[in-house]
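I opened the notebook to look up a few things about packing and rings. The entries follow the order in which I checked them.

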Amino acid sequence: MNLSADFEKGWRLGVGITLINQENKIFMGERIDNKGAWQMPQGGVNVAINESLDDAAKRELYEETGVKTAKIINQSEDWYYYYLPENLQTRLWGGKFLGQKQKWFLFSFEGTDEEVNLQVDKKPEFNNWQWVNSQDVLHNIVAFKKEIYQKVLKEFELITL
């Protein structure tokens, strides 16, 4: 698969991660750069090394949460797209992208809460985290990602709309 072709279309290629624990609660992190904005882990695919989507999801999960004891149990069938608000288009990713094109992965967390470490990466994304019910995910997400979150939770059968 030629992942770099997406750059020409203005989309940053990324992955999103829905991490669920044994109680079917979903991991949410509060963004370090936007207090009160909570999201599921996500990030870019390293197309320069032809990183696979699975590997990108595992890497991003670890970098943002410190979690290694998790396994992939599902992957979205569709690609999900979101546009960045105009005020963020020029500030993020060198102004090269209109938004993101993402594949989403459902991970089952096999570890304990003590494994979560938001400081694993030298540039942490989150300053706080919590497990939430699927219905509560949509109450805390920034508006421009809400539609994707609804679709992903529905596809993974974690919420009914």
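Is Trp 129 buried, exposed or partly exposed? I looked it up in this predicted model. Trp 129 is partly exposed, because its relative accessibility is 25%.

**Entry: aromatic rings.** I next turned to the partner ring. Trp 131 is buried, at 15% relative accessible area. I found the ring centres of Trp 129 and Trp 131 6.0 Å apart with planes at 90°, so I logged the pair as edge-to-face.

I counted nine aromatic pairs. One of them is Tyr 82 with Phe 144: centres 5.7 Å apart, planes at 50°, so it is tilted. Tyr 82 is in strand 6 and Phe 144 in the loop between helix 3 and helix 4, so this pair ties together parts 62 residues apart in sequence. Tyr 82 is buried, with 5% relative accessible area. Phe 144 is partly exposed, with 28%.

**Entry: charges over a ring.** I checked Trp 79 for lysines. The charged end of Lys 101 sits over its ring, 4.5 Å from the centre. The charged end of Lys 103 sits over the ring of Trp 79 too, 5.3 Å from its centre.

**Entry: cores.** The largest nonpolar core holds 22 residues. Met 40, Trp 104, Val 137, Tyr 149 and Leu 153 have the most contacts inside it. I then asked which elements supply at least two residues each: strand 2, strand 6, strand 7, helix 3 and helix 4 do. Helix 4 gives the most, with four residues. I followed Leu 153 beyond its sequence neighbours and found contacts that include Ile 26, Met 40, Val 137 and Leu 158. Another core, of 19 residues, lies apart; Leu 13, Val 15, Phe 105 and Phe 107 are among its members.

**Entry: Thr 18.** Thr 18 is in strand 1. It counts as buried, because its relative accessibility is 0%. Beyond its sequence neighbours, its contacts include Ile 26, Met 40, Trp 104, Phe 107 and Val 152.

**Entry: helix 1.** Helix 1 runs over residues 53-65 and reaches 18 Å from first C-alpha to last, close to the 18 Å expected. I listed its buried residues: Leu 53, Ala 56, Ala 57, Glu 60, Leu 61, Glu 64 and Thr 65. Just after helix 1, Gly 66 has a positive phi of about 80°.

Methods
Residues are numbered from 1 along each chain as its sequence is written. This is a predicted model: local features need pLDDT of at least 70, side-chain atom pairs count only at pLDDT 80 or more; totals for chains, interfaces and linings use all residues. Side-chain values use heavy atoms; hydrogens and water are left out. A nonpolar core is a set of buried Ala, Val, Leu, Ile, Met, Phe, Trp, Tyr and Cys residues joined through side-chain atoms within 4.5 Å. Buried means under 20% relative accessible area, exposed over 50%, partly exposed in between (1.4 Å probe, protein chains only). Contact means heavy atoms within 4.5 Å. The expected span of a helix is 1.5 Å times one less than its number of residues. Rings of Phe, Tyr and Trp (its six-membered ring) pair if their centres lie within 6.5 Å; planes under 30 degrees apart count as stacked, over 60 as edge-to-face and the rest as tilted. A charge sits over a ring if NZ of Lys or CZ of Arg is within 6 Å of the ring centre and within 35 degrees of the ring normal. Lists of a residue's contacts leave out its neighbours within four places in sequence.
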